[in-house]
Structure formats: structure tokens, C-alpha cells
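Hello,

Here is the structure I promised to pass on to you.

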Amino acid sequence: MNSLKGFFYGLATSVTFGLIPLFTLPLMQKGMMFDSILFYRFLFATFALGVMMKVKKESFHIELRDIPLFLLLGLFYTGSAMFLFWGYGFMGAGVATTLHFTYPVFVTMLMWMLFREKASWVTWVAILLAVYGVSELSLKGDELSFDVSGVIIVLLSAVCYASYIVAVNKSRLHDMNGRKLAFYVFIVSTVMFAVKALTNQGIQPVPDAVSVGNLVLLAVVPTVISNITLVLAVQHIGGTLTSVLGAMEPVTAVCIGALIFGESFTAQEAWGIFLILVAVTLIVLTKTIQKTLSTVVRKIRPRHA
């Protein structure tokens, strides 16, 4: 049951996170810049989490030794968003999305290098299928043009997100209430994006009431909900499997683009979604697949072997 809950939380994380374009694109069309959008996103998310914790009468107390960990997690989380948006200036969004989604590889590598935890062959196959599927969803036309600087910047985004997942999984904050953990991480992110916005064009005012609504939804659905379910998924099934389930993020984004914004849906995108669904199925059935193959091998192996 814990594994099933973990898979559910992981899928919920990726699906809600994939809704970012639904709320972000209308704000950009109103002339809002990334720094201001991200500042309001984390400010409103922090406020929403604070209200939730107050209503549920949950403690805000943390120990002094937790503060450096929250600063580190906030740095990783902020760095992931910042490097990804920075990378958009060097390459097409499709290439950037594909490069960013290499983060399951970095999660697996970090888990092995730092904690000697090896991923199964089923997990590696799922990672490869997922990355290939994301590339089919993201790479279109002449978007293959990019430079080395952009590649490095977007890979830093992937490394930051992978580091965030690993840190949540392996730090002493692993068993902390998901709302409390996200609350303090979002405080750090809010401050960092405020500083970044003030050093550039400044924090823009929100254009209208509709934009306020989009910012609130951006803060609640793909930020508060996705981060809480991310923590819960990591707690139940670990960082590696949670990261691979993130492949549903671009699937959700493509579906939103086709259904809400009238974007075309091609055979290439359908193939990419199929590959991702196969990868997700492999992850969900990893233990069953390994157990079944082990049983088959034992039955067909010669008795004297």
C-alpha cells in the first residue's frame, strides 16, 4: 500500500506540475516577466501553506540545525527554476525541456555516488524510455539549434532539481510534515526571487483581477500541491522512482496545449506519450517484473547450473 500511495503521489506531482503553462502563459501575454511571476508564485504559495497549517493547527516550529538544510533546499529549488528559464534564452523550449528532464539520470547517479544505492535495470530502461519520450514531445522542427552555454545552464537546472529530490530523500528532513517542509523552502525561494527581480526590472504590479486569479492558481496547484505530493512520493518510494514518474509533466503540458490553447497534436507527440506511459508502467511494475523474470529464470535454468 505504501508503494501504491507513493506512485499515486508521484503521478499527482508530475500532473499538477505540468499545469504550469495553463496559468503562466496568460500572465506572460499580459506582459509579466518571469522574475515577477516566480516571486508572486512563491509568495502566494507560502501564504497558502501558512493558512493551511494554521487551519490544521500544525506547528511551525523548527530546530536551529534545520535552517541550513532549508536554505540548501531553497537554493536547489530556486536554482532549478532560474536556470531553466535562463536556458530558454539560449535555445528552444523543446530542447530545454528535454535537457531538463535528464534529472532522473542525475538523481540515480547522485544516489549511487553519495549513498551507493544502485537502480535496477528496469529503472534504467524506464529512464531511457522516458527521456526519449520527452524528446519526442519537445523537439520539433528546427529546435535542435543551441549552444554549449545554454546546454550547461539547462543541465544545471536538472542537477539542481535532482539535488533537491535527493536532499529531501536523504536528509534528516525526510520524515518532516510535507506542508511544513514546503513552507520554509518557499520562504527561501520567495526571498531569492524578490532579490533577483529587484536587481533586474523590479517587481511588476499584477495587471488585473484575472491575473491575480492565475497567480493564485499557479501558487496552489503546480506549486503547493505538487511540492507536498513530491515530498510524500519521495518518502514512500524514494527519489529515483519519483523522478522517473515526473515524465508525466510534459505529457500534461502537451495535453493542456492541445485542449486549452488549440495547439496541434501530432503523431510524434502521440508516440512520445506512448513511450512515457510505458516507462511509467515499468516503474509501477518494477518489483513484479523482477520477481516474474527471476521465477522464469529459475524454472528454465538447468538443475546442475
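This is a predicted model: local features need pLDDT of at least 70, side-chain atom pairs count only at pLDDT 80 or more; totals for chains, interfaces and linings use all residues.

**Helices 6 and 8**

Let me start with helix 6 (residues 103–115), which packs against helix 8 (residues 148–170) at an angle of about 50°, the axes being 8 Å apart. That angle makes helix 6 oblique to helix 8. Their crossing is right-handed. On the helix 6 side, the contact is made by Tyr-103, Phe-106, Val-107, Leu-110, Met-111 and Phe-115. Their partners in helix 8 include Leu-155, Ala-158, Val-159, Tyr-161 and Lys-170. By class, the residues of this contact are 13 nonpolar, 2 polar and 1 charged.

**Thr-108**

Helix 6 also holds Thr-108. With a relative accessible area of 3%, Thr-108 is under the 20% cut-off and therefore buried. Apart from neighbours within four places in sequence, Thr-108 touches Glu-117, Ala-119, Trp-124, Ile-127 and Thr-240. If you want a distance to check on your screen, Thr-108 and Glu-249 are 19 Å apart from C-alpha to C-alpha, with a separation of 141 residues in sequence.

**Helices 4 and 9**

The second pair is helix 4 (residues 67–87) with helix 9 (residues 178–199), packed at an angle of about 55° with axes 8 Å apart. These two helices are therefore oblique to each other, and the crossing of helix 4 and helix 9 is right-handed. Helix 4 contributes residues including Phe-70, Leu-71, Gly-74, Thr-78 and Met-82, and among those they meet in helix 9 are Leu-181, Tyr-184, Phe-186, Ser-189 and Lys-196. The contact of helix 4 with helix 9 divides into 14 nonpolar, 3 polar and 1 charged residues.

**Thr-252**

Thr-252 sits in helix 12 (residues 248–259). Is Thr-252 buried or exposed? Its relative accessibility is 11%, so Thr-252 counts as buried. Setting aside neighbours within four places in sequence, Thr-252 is in contact with Ser-14, Val-15, Gly-18 and Leu-19.

**Cysteines**

How many disulfides does a search of the whole structure find? The search gives 0. Cys-160 is buried, at 12% relative accessibility, whereas Cys-255, at 32%, counts as partly exposed.

Best wishes

Conventions. Residues are numbered from 1 along each chain as its sequence is written. Side-chain values use heavy atoms; hydrogens and water are left out. Axes are lines fitted to C-alpha atoms, for helices over the stretch in contact, and angles run from 0 to 180 degrees between N-to-C directions. Helices (H or I, at least four residues) and strands (E, at least two) are DSSP runs, numbered from the N terminus. Angles under 35 degrees count as roughly parallel, over 145 as roughly antiparallel, 65 to 115 as roughly perpendicular and the rest as oblique. A crossing is left-handed if the near helix is turned anticlockwise from the far one by less than a right angle, and right-handed if clockwise. Contact means heavy atoms within 4.5 Å. Ala, Val, Leu, Ile, Met, Phe, Trp, Tyr, Cys and Pro count as nonpolar, Asp, Glu, Lys and Arg as charged, and the others, Gly among them, as polar. Buried means under 20% relative accessible area, exposed over 50%, partly exposed in between (1.4 Å probe, protein chains only). A disulfide is a pair of cysteine sulfur atoms within 2.5 Å.
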